[in-house]
Amino acid sequence: MANHKSCEKRARQTKIKTERNRFYKTRIKNVTKNVLAAIETADKEKALESINNIINKVVRKNFKYPEFAMENDIQGRTITNFVINKEGEIRTIIVYFSHPVLQNQALKISEFLPTFNPGIKEGKPVSVNYQFPLTFRLQ
């Protein structure tokens, strides 16, 4: 009888250890995922900051207020949306939310954008969507 009880006790202990191990393995996986997500987020933030800096430089260097817009007191904010493909090239540029003259100027500026590093997902290059606002204001 003592042998049977010790077997039951061992079985319970094994079950508890198994459940505890499963719990810790799950926790370790979740912590690992969170750490990787934090690293990925930090990388994304660095990349986004880099892209923003590059775009700001390009805009400052190539910005010209359209003459027609100055003569006719046209102001506004455009949104330029584009795709950075797997090769880092700018594709599918769309400009919207303003007067067509301002949209056209924003499109001209976006043509000066360089080739970027593509997005990376699971170690492979992927296309990413990006947009930036451009405000045209007369002073």
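**By class, 11 nonpolar, 5 polar and 5 charged residues make up the lining of the largest pocket.** In this classification, Ala, Val, Leu, Ile, Met, Phe, Trp, Tyr, Cys and Pro count as nonpolar, Asp, Glu, Lys and Arg as charged, and the others, with Gly among them, as polar. The structure is a predicted model, in which local features need pLDDT of at least 70 and side-chain atom pairs count only at pLDDT 80 or more, whereas totals for chains, interfaces and linings use all residues. Residues are numbered from 1 along each chain as its sequence is written, and side-chain values use heavy atoms, with hydrogens and water left out. The largest pocket holds about 710 Å³ of space, and 21 residues line it, of which Lys44, Ala47, Pro118, Gly119 and Ile120 lie nearest its centre. A pocket is found on a 1 Å grid over the protein atoms alone, as an open set of points where a 1.4 Å probe fits, with protein on both sides within 12 Å along at least five of seven lines, and a lining residue has an atom within 4 Å of a point. Grid points are joined across faces, edges and corners, and the volume is the space filled by probe spheres set on them.

**The elements around the largest pocket include α1 (2-62), β3 (119-121) and β5.** Each of α1, β3 and β5 supplies at least two residues of the lining, and α1 gives the most, with 8 residues. The protein as a whole has 3 helices and 5 strands, which follow the pattern α-α-β-β-α-β-β-β when read along the sequence. Helices (H or I, at least four residues) and strands (E, at least two) are DSSP runs, numbered from the N terminus.

**Three strands form an open sheet in the order β2-β1-β5, with antiparallel pairing.** Because β2 (90-96) and β5 (128-136) stand at the edges with a single partner strand each, one side of each is left without a neighbour in the sheet. From one strand to the next, the twist averages 20°, an angle taken between N-to-C directions on a scale from 0 to 180 degrees, with axes that are lines fitted to C-alpha atoms. Antiparallel β1 and β5 are joined by 9 bridges, and Asn81 stands opposite Gln131 in β5. On the side of β2, the antiparallel pairing with β1 runs over 5 bridges, where Ile79 has Tyr96 as its bridge partner and Ile84 stands opposite Ile90. Two strands count as paired if DSSP finds at least two bridges between them.

**Phe82 and Thr80 are two buried residues of strand β1.** Phe82, in β1 (residues 76-84), has a relative accessible area of 0%, and the value for Thr80 is also given as 0%. Buried means under 20% relative accessible area, exposed over 50%, and partly exposed in between, as judged with a 1.4 Å probe on protein chains only. Leaving aside residues up to four places away in sequence, Phe82 touches a set of residues that includes Ile55, Ile90, Ile93, Leu113, Val128 and Tyr130. With neighbours within four places left aside in the same way, Thr80 is in contact with Ile93, Ile94, Val95, Ala106, Ser110, Tyr130, Gln131 and Phe132. Contact means heavy atoms within 4.5 Å. Although Phe82 and Ile93 are 11 residues apart in sequence, they lie 4.4 Å apart in space, C-alpha to C-alpha. Across the protein, buried residues make up 22% of the 139 residues, and among contacts between residues at least 6 apart in sequence, 70% join residues at least 24 apart.

**Gly88, Asp73 and Thr92 each have a positive phi.** Gly88 lies in the turn of the hairpin that β1 and β2 form with 5 residues between them, and its phi is about 90°. Asp73 is found in the loop between α2 (67-71) and β1, where its relative accessibility of 52% makes it count as exposed. Thr92 is found in strand β2, and Thr92 counts as exposed at 54% relative accessibility.
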